[in-house]
Amino acid sequence: LDEADFCRPDPLRGVAGPLSKFFDTRAYSASFPSVPASAASAYIAILAMVGDSNEPKKEMNRPLGDNIVTQAIYSLEMMRVKSQSETPSEENGNWDGEPKEWAEEDSLAQKVSRISQVGPFAAFKQWVADSIAGDYDVEKVTARVDDTIAGSPVVMFSFTTCPFCLKAKDLFANELGIKAENIMIVECDEDPEGNAIRAVLGKKTGRTSMPSVWI
């Protein structure tokens, strides 16, 4: 699409239900000349599946395009984690998360992480976190995060596959000797609200990376 296309009224919007089946792809392409016929056909098909935009949405609260982008980002992130995860073995303590060496002080991952915590990189990471979180009750999740932090001397928001989180857990348990009853660990990748929690933490601290430790 070129910039002009975004400024034109969409002739199909608002009549997306069964009526969209009667719209000719050529007519749509005539209104949007820079849109390939194949793309126009796909768009009309999507409109037919979505239904009339004037009807209340029963399941999908986010715009269709936003949902597609969100699902794509989430799928890519899960593929990245899976492809880079270690194979469990006795040597690595049956660890099946991302490489443990990433958490070493002089690792490339550490250097990249430091750079990504500021400026446009941090803003992009927050956008990704917000996109993956999708629609959620901001007040409810924020209140949950605040209550969790206030309810324990030490709180760690974590991912089970994160080597940085693994190292922090080892530090607390084995080097600092913090008792299990004095630390609350929230595994965000196992929590139904985990993605929303990560987005809220990012807004609170300016960092979406894990672990997020509160003492």
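Me: A crossing of two helices is left-handed if the near helix is turned anticlockwise from the far one by less than a right angle, and right-handed if it is turned clockwise. In which hand does α6 pass α9?

Reply: The model before us is predicted. In this model, α6 passes α9 in a left-handed crossing.

Me: How is such a pair of helices described?

Reply: Two packed helices are described by the angle between their axes and by the distance between those axes. Here the axes of α6 (residues 119–133) and α9 come within 8 Å and cross at roughly 150 degrees. Angles over 145 degrees count as roughly antiparallel, and therefore α6 is roughly antiparallel to α9.

Me: Which residues of α6 and α9 meet?

Reply: From α6 come Gln-126, Ala-129, Asp-130, Ile-132 and Ala-133; in α9 they meet Asn-195, Ala-196, Arg-198, Ala-199, Gly-202 and Lys-203. Sorted by class, this contact holds five nonpolar, three polar and three charged residues.

Me: Where does Thr-208 lie, and is Thr-208 buried or exposed?

Reply: Thr-208 is in the loop between α9 and β3. Buried means under 20% relative accessible area; Thr-208 has 5% relative accessibility and so counts as buried. Beyond its neighbours within four places in sequence, Thr-208 is in contact with Lys-125, Gln-126, Ala-129, Arg-198 and Gly-202.

Me: Which peptide bond is cis?

Reply: The peptide bond from Met-210 to Pro-211 is cis, with omega near 5 degrees. Pro-211, like Thr-208, belongs to the loop between α9 and β3.

Me: Where is Asp-191, and which residues are in contact with Asp-191?

Reply: Asp-191 is placed in the loop between β2 (183–187) and α9 (194–205). Its relative accessibility is 18%, so Asp-191 counts as buried. Apart from its neighbours within four places in sequence, Asp-191 is in contact with Arg-144, Val-186 and Ile-197.

Me: What span should helix α8 have?

Reply: The expected span is 1.5 Å times one less than the number of residues. Helix α8 (residues 163–175) has 13 residues and should therefore span 18 Å; its end C-alpha atoms are 17 Å apart, which agrees.

Me: Which residues of α8 are buried, and against what do they pack?

Reply: An α-helix has 3.6 residues a turn, so residues three or four places apart point the same way. In α8 the buried residues are Pro-163, Cys-165, Ala-168 and Phe-172. These buried residues pack against β1 (154–158), β2 and β3 (212–214). After α8 comes Gly-177, with a positive phi near 65 degrees.

Me: How many helices and strands does the chain have, and in what order do its elements run?

Reply: The chain has nine helices and three strands. From the N terminus on, its elements run α-α-α-α-α-α-α-β-α-β-α-β.

Me: What share of the chain counts as buried, and what share of contacts joins residues at least 24 apart?

Reply: Of the 215 residues of the chain, 33% count as buried. Among contacts between residues at least 6 apart in sequence, 63% join residues at least 24 apart.

Methods. Residues numbered from 1 in each chain as written. Predicted model: local features only at pLDDT ≥ 70, side-chain atom pairs only at ≥ 80, totals over all residues. Heavy atoms only, no water. Helix = DSSP H or I, 4+ residues; strand = E, 2+ residues; numbered from the N terminus. Buried < 20%, exposed > 50% of the residue type's maximum accessible area, 1.4 Å probe, protein only. Contact = heavy atoms within 4.5 Å. Axes fitted to C-alpha atoms, helices over the stretch in contact; angles between N-to-C directions. Parallel < 35°, antiparallel > 145°, perpendicular 65-115°, else oblique. Nonpolar A, V, L, I, M, F, W, Y, C, P; charged D, E, K, R; others polar.
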